[in-house]
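Dear colleague,

Please find below the structure that I am handing over to you. A summary of the findings follows it.

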Amino acid sequence: MSQDVFVVAEHLQGKIDDVTYELLGKARELAGQSGGHVVAVLMGSGIQNQAGSLGAADKVLYMDNAALEHFNPESYARALSHILEQNQPRLTLIPNTSMGMDLAAAVSVKNNLPLVAYATDVQIDNGQVVATSQLYGGKINVESVLEGDSSVVSVLAGSFAVDAGKQDGSPEVETVAAPDGLDQTRVRFKNLIQPEGGDVDITQQDILVSVGRGIQSEDNLPMVEELAEALGGALASSRPIVDNKWLPKTRQVGKSGLKVKPKLYFAVGISGAPEHIEGMKDAELIIAINTDPEAPIFEVAHFGVTEDLFDVVPALTEKLKG
Amino acid sequence: MNIIVPVKQVPDLVEELEINDDGTDLDRDYLSYKLNEFDEHALEEALLLKEEHGGTVTVIAFEGDDTDKVLYTAIAKGADRAVKITNDLPPGTPNHVLAKALASVLSGMEYDLILTGVQAADDRDGQLGVLLANYLDVPHVSVVSGVAPSNGAVTVQKEYAGGVMAEFEVDLPAVFGVQAARQTPRYAPVSRVRQVMRQAEIEEVEANDTEANIGSSIRRMFKPEKGAGAEMLEGSPEEIAEKIIKILQEKGIKK
């Protein structure tokens, strides 16, 4: 049992993801409250040098094994479960990402640890871990108290500043032996598939007009495309549009799509699920049209319109064309 | 392949959500529920797999307001069996408990694959599929967007950020959290659902284990602070358009 705060480092293709630094920065604050240390958990193969970019941690626990060369839901969950069993930290922070989702709920069951997911804030309040989750599509925040001496919180990317946890340095690196038979998995990594190129790179555009479910039908896309043209920008979208195959995956903004930071982000019929907000909240100017005044998109937008998009969009296009 | 699709009802987010007087739950008296949209995708992927490779699709839901309708609709879309878990597990029950209940029901069933929605709007204590897989001790992959059988196993694609995907080969049985089916979930005509309601039967089972260590409790629920929020632009569509253009000019985005 310890008062330490563990952070599971996420990496893909040799690069530590920024969410790791967000969590390390937060962990520094929490370790101050709990009176423990900040420990980064790094799992991989031949990536010990990455520890040097985890300078915000007091210590890096590094498990090196061929079975950890690529993320694998089974080998990584077993490795993390083993590390948590040995160390029993006060709190373990895991990114609520595609990879982290496979780990947090797994160690909650394997190690019988309380778990709160979708957190946007964590505090240690009078010795108790309190996590605030963003639920119901970002419409409701839920504050939970986690019981017991050790617990897990999975945190949405974009919740904390990256800078506080992004420090080079040479934290103490402790190598941890892998549990036996870690390579005996029922899940086997095959290969990585890179996104298709050739389309407009929406991360490089100054102006993005982004469409969401409110557009209702593929037939209405040209109307929004015309607005994008009139503004001199490109068309982007939220996830449902890409799932419906109305636009290619290269146009998707958000958690499983691209992170964009244009000068203008014009959201048309997007409600603003947390997964979408994560990808666009840093745009310089956000204007949103959505008929639901409670839509979470208006939390991050600078200007909002609740009139019908089918009236406003053509009116705006016409005036822009002058 | 025999595929199980556990589904759950979540509050319809299009409607306004209110918090109860204690501030510890939604005010559920006037809530309307709908099937978790990711579960719709899980069901669609299951139906596609069945059409391509044979087998059966069994849909399992927890008893609640519209459960029968949800299950009949699934049959109308092409599912073979519909099972209702009759324990008192109202909406908002933690996923650890639901996963435990499902695990105990599934331990008496034959299956190759379990497809769940990758997440739901009320997953406070983690995602159902991952919890279920760990209670059952079968492999799992979440955020999956393509499932294809290969040599007695299946190949799945898992999505990462930035459009990168990883491909995994997974031994059966397995649990996958489906992000998106390969096609838009199909629609069942009302007439077909009505017909199914007259002909099909929903099996009822009781889970014999619903004890799970959740280890957390809700202290407070609240709506996000409005903070600065958006400045709302009002007027006729033309007036709004004028206002937007003025803003774009002020910010130097449009001359």
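With 322 residues, chain A would have a radius of gyration near 20 Å as a compact globule, and its value of 22 Å agrees with this. That radius is taken over C-alpha atoms, and the globule rule is 2.2 Å times the number of residues to the power 0.38.

Please note that this is a predicted model, in which local features need pLDDT of at least 70 and side-chain atom pairs count only at pLDDT 80 or more, while totals for chains, interfaces and linings use all residues. Residues are numbered from 1 along each chain as its sequence is written, and chains are lettered from A and ligands numbered from 1 in the order in which they are written.

Chain A

Along the principal axes, the C-alpha atoms of chain A fill a box of roughly 65 × 45 × 35 Å. Chain A holds eight helices and 17 strands (DSSP runs numbered from the N terminus, with H or I over at least four residues for helices and E over at least two for strands). Of its 322 residues, 57% are buried, that is, 20 or more other C-beta atoms, placed from the backbone, lie within 10 Å of the residue's own.

Chain A is divided into domain 1 (5-176) and domain 2 (202-321), with bounds that come from an automatic or database domain assignment. The C-alpha centres of these domains lie 32 Å apart. Eight residues of domain 1 of chain A are in contact with ten residues of domain 2 of chain A (C-beta atoms, placed from the backbone, within 7 Å).

The two chains together

The contact between the chains takes 78 residues from chain A and 68 residues from chain B. On the side of chain A that touches chain B, helix H3 (residues 98-110) of chain A gives the most, with nine residues. Strand S12 (residues 187-193) of chain A and strand S9 (residues 165-171) of chain B run antiparallel and are joined by six bridges; DSSP must find at least two bridges for strands to pair. Within this pairing, Asn191(A) has Glu167(B) as its bridge partner.

A helix of chain B

Helix H3 (residues 95-106) of chain B is largely enclosed by the rest of the structure, because twelve of its twelve residues are buried. Among them are His96(B), Lys100(B) and Leu106(B). The buried residues of H3(B) pack against strands S1 (2-7), S4 (56-62), S5 (81-85) and S11 (202-205) and helix H4 (128-136) of chain B.

With kind regards

Conventions:
Contact = placed C-beta atoms within 7 Å.
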